Amino acid sequence: MTSSSRRQALLLLSPYLLGTLLLVILPAGISFALAFTRYNGVTPPVFNGAQNFQYMWREPLFRVALINSVLFITQAVPLRLLGALGLALLLNRARRGIGVYRAAAYLPTVIPDVAYALVWTWILNPLYGPLNFILAALGLPTPAWLTDPAWALRSIVFMSLFQIGEGFVILLAGLRHIPRELYESAQIDGAGRLHQFFHITLPLLSPWLILLSIRDIAVSFQSTFTPAYIMTRGGPYYATFFTPLMIYEEAFNNLRFGTGAALTLIVFAVTLCLTLLAYFAFDDWGLDEN
Amino acid sequence: MKARNFLLLTIFLLASLLPACQRAPSNQISFMVFGDPAELAAYQSLVQAFSKTHPEIQVELIHIPGQADYRKRLAADLTAGAPADVVLINYRRYAAFASIGALTPMDEYLSDSKIVSREDFYPESFDPFIWEGQLMCIPQNISSLVVYYNKDLFRAANLPFPADDWTWDEFLTAAQALTRDTNGDSTPDQFGAGLEPSLIRFAPFVWQAGGELVDDATQPTMLLLDSTEAFEAADFFFSLQNVHHVVPNAAEESAEDSESRFLNGRTAMYFNSRRGVPTYRESAAFDWDVAALPRGKTQAGILHTDGYCLPSASKNKDAAWTFIEFANSPEGQTIVAASGRTVPSLMAVAKSPAFLDSNKKPANSSIFLDSIPFIRALPVHPNWAEIEDIAGEELRSAFYGDADPYEALFRAIARTRELFVVIP
Amino acid sequence: MKIKLLRWSSLTLRFLSGHLLPILISGLFLLPLFWMLSASLRIPGTPPTRTLEWVPQPLTFGNYVSIFHILPLGRYLLNSAFVTLTGVLLTLLTASLAGFGMSRLGPRARLRLLILSIILQMIPVSALWLARFVFFARLGISNSHWALIAPALMGTSPLFILLFYWTFRRIDPAIFETAQLDGASVIKVWWHIALPLARPALMAVGMLAFFFYWNDFINPLLYLRSQNLYTLPVGLLQLQEMDKTNWPLLMAASVLITLPALAVFATLQRAVLWWDVE
């Protein structure tokens, strides 16, 4: 590669690299610095060592928020992945009407987050919401959903299962990349559908599945903010109090930007660990081939 | 200089090297308020009247409906160094900002004023805005908690209207008679009362039982919710929901909140301060009035007041003061009082027809003035809003029957204790 | 006769197995949208029903009018449109430039950049809020639409850069090299040759970027002070705060904010969902 074409490539990349520097790397540096200060947003920050971390260690709400976020991720990510995989397998084959089905499955993903949260607050309304009327008609129990501490988090997991359009599309692309000949030769060998799924589809799809699940973990750290803010404000009794909401409340409600930033660092660390895990799982990411 | 401080400083210096934004021409100020659309209308007419007398100053009105979001907006704007030039803040919330020097003291502005002087104000609403000897905001009102009631529902149930000196028991009896299942599905469709389980609603009941909310009114170090008086108040307050069911339960409240139920004619009595009036005047399709807070062992009310405050970061303080002065002149307070929004903090305006106009609902407005001698204020403390949030969450759990009432009170004390200590 | 019947029933069976489940699933996924629409047509304040109501009786479209009286939603709509349009165009520009640049790097630099982009993709934005807020405040752009559009500077999401990169990698590099040998600058090659070949990626990234800016709730919530700068998602929050259980009005506003997203989806979905059907 000549140095001039290298320079040209860098020229093309410069807005992206500059943007990343300004919007990610610099803020990350500021976050890191703020995490070791007491800062109320108005008077200059004062260095206070690891006090923010000690405060979080003492403060039970911090543990509640972290546990809720982890609970959400461990429930939502596998279920969303299964849902996306199910949709992709079901709507994979090209046939009449397939575009309509795919569009329908993608539609909830199109609804803007705030509207989506409001719609589900209505659907899950314990007395007048349509969901409980249907459950009652089927003779099933009708929980108070967002008002019941035992059901609130589950409700938010449940509603997230309808917004799986992106995962569905990515897995559709993954299925496209599996060579047809593999299935044909398997059929000649007399392998059943189930056998084909477990021995061809799943192994060849697994890099996509794992990449998707890691992305979903990072997204799920984030995506709980809007539903928690709009639907429950973190309640009832902190049942839906997640880390992004806590960061926001610490900084802008309680004027403790330092602890907010410290919490930020912890979220950083957790996602970094997950990313590294993924890095060691796939040496070359398997992404550079196509 | 230590290395870590140096690192920090470098990062901040680098950030400050970037050009700060210079805006706001000298004749333009912004004014931030909270409240429902009907309340907003009151401030719009205030701004209009101001523009007539002061055409040289333009006022941009910023409206945030919810008080919790309002506080966050203000915190964010202060951090950004660009808050509105005039902000309305409740006395329970301003100390957080005053304690970090984000507000400009107004003593000198007020003493130089030719239009208003501090003697014109009710001291009960003026004093809470004095922070460490300095006046931080000018109070617009001196409201207190009252019971709004639907007269039509009382008539339909053949009940007498609440007397000015009614008691907890009389209130409960009325509420029970007004809680009704109208369609026979064995769940109530009409509730006797609507009451929010928060500390600010609970506090007057503690006082009426003869108890105290905090250990020291000026230098509080803890909530005193473990006294026998507080337990007595809790027994009454919580039982309204979890024993007598005259108030919607958690699911019913989330399905349709009590204020909507009241406005839609399906809740007979609703606890609120004066600020509900503009909305009720506009939307209530029934006959209504206000009644005094029912009495316990003693009579006590709780202060609700909001002040006009002037952020230190305002680039246009003189124009901002001119607006604050106008808003709290007899002329300005008359405009807002006429909308129903405030119980004016200027004694002269409070006793004028602008507030006591008998042609406008509520007819019984004088009870707001009658209760002033019994009004008590919550402590002014930088962390008070957070203390209220946490205590409120515990009160909620007891109110809706999800926790043992006394244990909830103990937890409220324990969980807020550390917040009373302020690190300078 | 018998054979015909048999054929017919086997056809039905095939239809059922091939279409029944997809139809059921589609119906399930359409339910939230349907309920949003149906609840928006109810008269506010009327006693709620105690039975399931598919279409409210009586029906009203008045809620769509009253939300515009309560809040300056027209203004918010324009703001949202401006932020979204600018954000999408800038995103297409930076992301396609970066994706093209990346495809022209040597293998080692490319791998490094790829890994960087994927790591960036993993960072939750909430980890950057506070610092970005402090930073934007110093820049003096915190109460402006630029604070909302800023992510477009880095292509909004590293995923978008990767989408362009994968597209450009599939194109034979000889095409670009001959053009450059003929004296075209690298920017010209990108504009005249690379971009026209990347139509599906442009459509897909355009759609996803549209959703990003149109749906953005957190950034306007954090940055915007002046009400005349508000975008629709904040308007919905305001409406909720004014009357949090007034479902007909809240649903009408939800429909209002969803419709443009639906329209964009309807126009561009082929690029994302149908590419293998034609």
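In this predicted model, helix H7 (residues 158-169) of chain C packs against helix H10 (residues 199-215) of chain C at an angle of about 175°, with the axes 10 Å apart. H7(C) is therefore roughly antiparallel to H10(C), a term for angles over 145 degrees. Axes are lines fitted to C-alpha atoms, for helices over the stretch in contact, and angles run from 0 to 180 degrees between N-to-C directions.

**Helix pair in chain C**
- C:Phe160, C:Leu163, C:Phe164 and C:Thr167 of H7(C) meet C:Ala201, C:Leu202, C:Val205, C:Leu208 and C:Ala209 of H10(C); contact means heavy atoms within 4.5 Å.
- Helices (H or I, at least four residues) and strands (E, at least two) are DSSP runs, numbered from the N terminus.

**Surface of chain C**
- A nonpolar surface patch consists of C:Phe34, C:Trp54, C:Val55, C:Leu59 and C:Phe61, which together have about 500 Å² of accessible area.
- Patch residues have over 30% relative accessible area and no salt bridge, and nonpolar side chains (Val, Leu, Ile, Met, Phe, Trp, Tyr) are joined within 5 Å; a salt bridge is a side-chain nitrogen of Lys or Arg within 4 Å of a carboxyl oxygen of Asp or Glu.
- C:Phe61 sits in the loop between helix H1 (2-39) and helix H2 (62-70) of chain C, and C:Phe61 is exposed at a relative accessible area of 56%.

**Chain A**
- Chain A contains 13 helices and two strands.
- Of its 290 residues, 57% count as buried; buried means under 20% relative accessible area and exposed over 50% (1.4 Å probe, protein chains only).

**Basis**
- Residues are numbered from 1 along each chain as its sequence is written, and chains are lettered from A in the order in which they are written.
- Local features of this predicted model need pLDDT of at least 70, and side-chain atom pairs count only at pLDDT 80 or more, while totals for chains use all residues.

Notes
Heavy atoms only, no water. Patch = residues over 30% accessible without salt bridge, like charges linked within 9 Å, V, L, I, M, F, W, Y side chains within 5 Å. Areas by Shrake-Rupley, 256 points an atom, 1.4 Å probe, with all protein chains shown as cover. Parallel < 35°, antiparallel > 145°, perpendicular 65-115°, else oblique.
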